[in-house]
Structures are given as structure tokens and as C-alpha cells.
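Here is a short tour of one chain, told through how its parts meet and through a couple of individual residues. Have a look at the model first, then read on.

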Amino acid sequence: MEDRAPDPTAPPVDQTDRFRDRIEAAAQRQMNKFRRAVRGVHPRRCPICDYYGKFTAFGHPPRFDARCPSCNALERHRLIRLFADRTGFFAADHAVLHFAPEAQIRPMIKGIVARYETSDLSERRPVTHRVNIEETGLPDAEYDRIVCNHVLEHVDDAKALAEMFRMLKPGGKALLSTPVCEGWAETYENPEITSREGRIVHFGQGDHVRFYGRDLRERIRAAGFVLSEFTAVEPDVLTYGLMRGETLFVAERPV
Ligand SMILES: [Zn+2]
């Protein structure tokens with residue numbers, strides 16, 4: 001085997017860090033088993049697979065009643081299904097582009113629309129387009145619907161929103177969701193926080209670059225969109241195991 005010269009730009013490897021990572025990975029595996037074993041106290045209905053019964057815990061820290069044990073749908077997937085069913089958001093003649101396509105809602109969308117395309121940067125998923133949402137290179141005014149859940153908090157959102165606006169047909173709509181702290185007037189960003197650990201502490205996940213406040217709405221409108229919202233309220237929260245107040249943002253490119 002050929003000897004490789006050490007990469008002078010690589011950070012030094014700390015054996016203690018490696019040991020700590022192994023311990024953390026083992027703990028995470030145990031936590032996953034624990035979450036699947038913990039059942040909620042109240043039966044729910046899954047609007048995606050029609051399962052009726054107790055849901056299991058999911059998340060870090062675990063959220064009770066989060067995951068449908070039959071189809072793995074989480075709260076936001078169930079909320080999207082309810083929204084789509086009640087508003088007719090997807091129609092048979094639609095062309096749809098789905099970013100970071102969640103397995104839990106892919107079949108539902110694909111089953112309704114005429115043309116269904118996906119995009120993701122991760123090599124692990126087979127997708128139609130392996131493009132960066134900040135600059136996709138895809139055509140103008142091509143899609144009736146764009147689906148983009150839990151992506152904006154990872155990227156340059158001004159660029160991503162402008163790209164989605166450009167790719168939508170006039171009258172087309174983007175379905176957006178992201179963690180929002182409704183108690184904050186302003187989004188928290190800090191470009192000096194670049195390490196994984198720092199981002200977990202500051203923004204809630206190792207690859208998040210901000211935590212949105214209520215001004216997410218202004219950011220969406222700034223790209224030219226007309227905004228409407230669909231929020232999880234009772235009795236749906238109880239019936240379907242949703243997150244209280246979780247909101248889907250619907251951004252329409254005006255005609
Ligand atoms: Zn289900």
C-alpha cells in the first residue's frame with residue numbers, strides 16, 4: 001500500500017475525542033431503542049397510513065407521541081398530510097419539486113401529481129437533481145409546487161427563497177417549514193459559530209446556521225412571495241398527535 005503524506009491542513013486527531021465519539025454513538029443507539037419502546041398514553045390516528053393506536057417517542061430529547069410506529073411519520077409529516085388533504089395543495093396536473101424529500105410524504109405527493117422530481121445534496125438518497133438550493137441551475141417558472149421542509153435553517157435563506165421564487169410558475173406555491181421560536185421577534189444568527197458543537201448549542205443542531213424568530217415571515221415576503229399559514233390546532237393536535245402550534249408556511253409567487 002502506498003504511503004500517503006499527512007494532510008497539513010487536517011486538524012489534529014485527539015484520541016480522547018475519538019473515544020468520546022464512540023461512547024456517544026453507543027449511547028445514541030441505546031436512546032433509539034428506548035424511544036421506540038416508549039409508547040404514548042393516548043391512541044392517535046395517523047392520517048398517512050391510517051394506523052390507530054399509540055405512537056412512540058422520537059427526537060433528542062425524546063418527544064412523546066411523535067412517531068407513528070406503522071409508517072414512521074412524525075408530527076410535521078402528519079400535519080402536511082392534513083394540510084394537503086384539506087386544501088387540495090397538490091393536484092393531478094402539477095409539476096412538483098421536493099427538496100430534501102422525506103420518505104414519509106414522498107409516496108403521497110408522487111401518487112397525486114403529474115410530474116414529481118426530487119433534489120438533495122446528500123449522496124445517500126437517489127434523487128432527480130443533485131443540486132444546491134441556493135443555485136440550482138433548473139429552469140425559470142417550471143414548477144407548480146415546491147416542497148421544502150427543514151431546509152432553510154441549513155442554508156443561505158435569501159438565496160434559497162429567491163431560487164424557489166424563480167423556479168415557480170406565477171401562481172405557483174412553495175410549502176415551507178422550519179423550526180421557529182414564536183417568542184422571538186428576530187431570528188438569531190451568529191456567523192462566528194461554525195463548529196458542530198457550537199451550532200448544536202446555539203441553533204439546536206450541528207448543521208443549522210440560525211434559529212428563526214417571527215421575522216421568518218418578513219424574510220419569505222422579501223423574496224416577493226405572498227404568505228399564508230396552516231397551523232396545528234385542536235382537535236387535530238389530540239387526534240393526530242401534532243405539535244401544538246406547529247406552522248406550515250405557504251409562499252405563493254403572485255400571478
Ligand atoms: Zn402512519
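## A residue in a loop

Does Thr 136 count as buried or exposed, and what is its relative accessibility? At 7% relative accessibility, Thr 136 is buried, where buried means under 20% relative accessible area, exposed over 50% and partly exposed in between (1.4 Å probe, protein chains only).

A word on the ground rules: this is a predicted model, in which local features need pLDDT of at least 70, side-chain atom pairs count only at pLDDT 80 or more, and totals for chains, interfaces and linings use all residues. Residues are numbered from 1 along each chain as its sequence is written, and side-chain values use heavy atoms, with hydrogens and water left out.

Thr 136 sits in the loop between strand 6 (115-119) and strand 7 (143-149); strands are DSSP runs of E with at least two residues, numbered from the N terminus. Leaving aside residues up to four places away in sequence, Thr 136 touches Phe 99, Val 131, Glu 163, Arg 166 and Met 167, contact meaning heavy atoms within 4.5 Å. With Arg 166 there is also a side-chain to side-chain polar contact at 3.3 Å. A polar contact is a pair of N or O atoms within 3.5 Å; within protein, one must be able to donate a hydrogen and the other to accept it, and residues adjacent in sequence count only if both atoms are side-chain atoms.

The chain is assigned domain 1 (21-73) and domain 2 (75-252), with bounds from an automatic or database domain assignment. Their contact takes 15 residues from domain 1 and 13 residues from domain 2.

About 1100 Å² is buried between the two domains, and carbon and sulfur atoms give 56% of that area. Buried area is the accessible area (1.4 Å probe) that two parts lose on being put together, summed over both. Arg 44, Pro 47 and Ile 48 supply 46% of what domain 1 buries against domain 2, more than any other three residues.

One salt bridge is counted between domain 1 and domain 2, a salt bridge being a side-chain nitrogen of Lys or Arg within 4 Å of a carboxyl oxygen of Asp or Glu. Glu 75 and Arg 63 form a salt bridge, with their closest N and O atoms 2.8 Å apart.

How values were computed. Helix = DSSP H or I, 4+ residues; strand = E, 2+ residues; numbered from the N terminus.
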